[in-house]
Amino acid sequence: RKMIRTCRLTDTRVYPGWWSLTQISSRDMVRLGACLTPGRGKLLGRAASKQLLDLMRTVAPSNAFGIQQAQPAGKGVRVAVKNGWTEHGGTGLWNVNCLALWGPDQRWVLAVTTRYPIARGLDYGAGVCRRVTAALFP
């Protein structure tokens, strides 16, 4: 709730009982990314922002799917990523999101969200994130 207020998120809803029921739009994910940026961010101090982004650049390769795979910052350059994926048996849908920050002063913040039938698997969602990134940053 503090993040919603501080970062001025307008499309984010927290549902009581379980944190993963929070819904956030791609637009608010970009706002959150900008809010975490050292020097520009409002949520964390400069040192904490830098530490968080450094951690996001070193996530396990299996968790750096989508945007990182499209290499928007150039071949071999690690971007700061936070991906999320949940298979919801009740709805029969995957919810997959990809967030990345990169460039001078973390100028670029990209978020991709998608929902699709479970039968397509997680790789399908990773591919959506990768294709959107490649289309925007060829």
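Visitor: Is W108 buried, partly exposed or exposed, and what is its relative accessible area?

Guide: Happy to walk you through it, with the reminder that this is a predicted model. W108 has a relative accessible area of 34%, so it is partly exposed.

Visitor: Which residue forms an aromatic pair with W108?

Guide: To read such a pair, look at the distance between ring centres and the angle between planes; over 60 degrees counts as edge-to-face. W108 and F137 are edge-to-face, with 5.1 Å from centre to centre and 80° between the planes. Because W108 lies in strand β3 and F137 in the segment after α4, the pair ties together parts 29 residues apart in sequence. F137 is partly exposed, at 21%. W102, W108 and F137 form one aromatic cluster.

Visitor: How many aromatic pairs does the count come to?

Guide: The count comes to four. One of them is F65 with W85, edge-to-face because the ring centres are 5.4 Å apart and the planes stand at 65°. This pair links distant parts of the chain, with F65 in the loop between α3 and β1 and W85 in strand β1. F65 is buried at 6% relative accessibility, whereas W85 is partly exposed at 35%.

Visitor: Which residue has its charged end over the ring of Y124?

Guide: For this feature, check how far the charge is from the ring centre; the limit is 6 Å. The charged end of R131 sits 5.9 Å from the centre of the Y124 ring. R120 also lies over the face of Y124, at 4.7 Å from the ring centre.

Methods:
Residues are numbered from 1 along each chain as its sequence is written. This is a predicted model: local features need pLDDT of at least 70, side-chain atom pairs count only at pLDDT 80 or more; totals for chains, interfaces and linings use all residues. Side-chain values use heavy atoms; hydrogens and water are left out. Rings of Phe, Tyr and Trp (its six-membered ring) pair if their centres lie within 6.5 Å; planes under 30 degrees apart count as stacked, over 60 as edge-to-face and the rest as tilted. Helices (H or I, at least four residues) and strands (E, at least two) are DSSP runs, numbered from the N terminus. Buried means under 20% relative accessible area, exposed over 50%, partly exposed in between (1.4 Å probe, protein chains only). A charge sits over a ring if NZ of Lys or CZ of Arg is within 6 Å of the ring centre and within 35 degrees of the ring normal.
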